[in-house]
Amino acid sequence: MPLLINDRPIHLPSSTRDFIDRYSQLKEGAKSLKSKPVRRIDAKGLLYVQQREFAATTPQDDSVSVLGTGDATTCHLVVLRHTGSGATSLAHCDGSDTEETVPLMLNAVKSLSVGCDSGRYEVHLIGGFIDERSLSHKLTLELLEAFNRQSENIHLETYCLTELNDVVKKNVHWPVIYGIAVNVKTGEIFHATFPDRGPDEVIRSARNFLGGSIMSIYDAKVEQLQIEPYRWTLFPAAQFWLQQTDRVILQNFSTSPLVEPPHFVKHMRSIFQFLNRYPEESLFPKGRSRIYKKTTDGLWERIDCAA
């Protein structure tokens, strides 16, 4: 089944510019999203999704009311929602597992919509900018193609990608929106920042740094966040990178070094320190996942997962 705009199948473009020219009505939705004030999302009720992760839940979830993700430059942020059940999935895509990510999201929303006879699938795509390496353009086209190949009709409701998420400051192209949140109860999507990116922010980021594939991090049926174990050895180059300047780290580990958020280098240093310090056995004893559940205060608390 095709990806639809205004109930009509899309024509897959040869370039992102061609797509915008053909479907110029998408510009208004992007403009509206960018014009909304940025909201600072506190940890209470938040499920934060990192790069190469996705999560799905429903309005009936008593623990999670907001799905959010941020720090995207060339990455794309994807919200897939079923209008009947309200089941919603959010993914942070970096281009490494695009073909796998889209069907995983769709299956997650489908499984949470069983028994709902009305409604449709709607997708919202946000992120990227006019970067020098055209990574954003490539990922935009990959996502459009991947959604167009799915078994269900999926309606493209928001397209705020690449050219439509770009602003020029002092002759440098920047993303307008780096992060988004979606209200699981209402489906509202808005521009957002996140002072808290946990739990286990560095453990999850290190997994991505080491090349981990896309991962579902939340089980909505039991309302638990789960970080599956992964393997690594001590990173021998960690000390070398920790001794480098911020500029060197930016140039070597960012897809867009001129426009990264201010905390990018600090975050990378925390990953190097982590990989230089922790053996995997101490974090995933006996190969068990790290499991978290929200407390009555709306914050994550690790629970004992021993057999």
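Biologist: What makes you say that β8 is mostly covered?

Modeller: Buried means under 20% relative accessible area, with over 50% called exposed and anything in between partly exposed (1.4 Å probe, protein chains only). Six of the six residues of β8 fall in the buried class. Thr88, Leu90 and His92 point one way from β8, whereas Ser89, Ala91 and Cys93 point the other way, and all are buried. Before we go on: this is a predicted model, residues are numbered from 1 along each chain as its sequence is written, and side-chain values use heavy atoms, leaving out hydrogens and water. Local features need pLDDT of at least 70 and side-chain atom pairs count only at pLDDT 80 or more, while totals for chains, interfaces and linings use all residues.

Biologist: How do you know that β7 and β8 are joined, and in which sense do they run?

Modeller: Two strands pair if DSSP finds at least two bridges between them. Six bridges join β7 to strand β8 (residues 88–93), and the two run antiparallel. Histidine 76 has cysteine 93 as its bridge partner in β8, and arginine 81 has threonine 88. Five residues lie between the strands in this hairpin, where glycine 86 takes a positive phi near 80°.

Biologist: What pairs with β8 over four bridges?

Modeller: That is β5, also in the antiparallel sense. Leucine 90 in β8 stands opposite alanine 55. By the way, helices (H or I, at least four residues) and strands (E, at least two) are DSSP runs numbered from the N terminus. The chain has nine helices and 19 strands.

Biologist: Which strands make up the open sheet of eight, and in what order?

Modeller: The order is β2-β1-β10-β9-β7-β8-β5-β15, with mixed pairing. β2 (8–9) and β15 (215–216) are the edge strands, as each pairs on one side only.

Biologist: Which strands does helix α3 lie across?

Modeller: Contact means heavy atoms within 4.5 Å. Axes are lines fitted to C-alpha atoms, for helices over the stretch in contact, and angles run from 0 to 180 degrees between N-to-C directions. Helix α3 (residues 98–111) lies across β5 (53–57), β7, β8, β9 and β10, at about 165° to β8. Helix α2 (residues 26–35) lies across β1 (3–5), β9 (121–127) and β10 (154–161), at about 60° to β10.

Biologist: What lies 3.1 Å from a polar atom of the side chain of histidine 82?

Modeller: The backbone nitrogen of serine 85. A polar contact is a pair of N or O atoms within 3.5 Å; within protein, one must be able to donate a hydrogen and the other to accept it, and residues adjacent in sequence count only if both atoms are side-chain atoms. The 3.1 Å separation to serine 85 falls within that cut-off.

Biologist: Which strands form the open sheet of five?

Modeller: The order there is β3-β14-β13-β6-β4, again with mixed pairing. The edge strands are β3 (39–40) and β4 (46–48), each pairing on one side only. Strands β6 (residues 66–69) and β13 (residues 180–183) pair in the antiparallel sense over four bridges, and threonine 69 has isoleucine 180 in β13 as its bridge partner.

Biologist: How does the radius of gyration of the chain sit with that of a compact globule?

Modeller: The rule is 2.2 Å times the number of residues to the power 0.38, and the radius is taken over C-alpha atoms. With 307 residues, a compact globule would come out near 19 Å; the chain has 19 Å, so the two agree. Along its principal axes the C-alpha trace spans about 55 × 50 × 35 Å, and 53% of the 307 residues count as buried.

Biologist: What share of the contacts with a separation of 6 or more comes from residues 24 or more positions apart?

Modeller: Those residues account for 72% of them.
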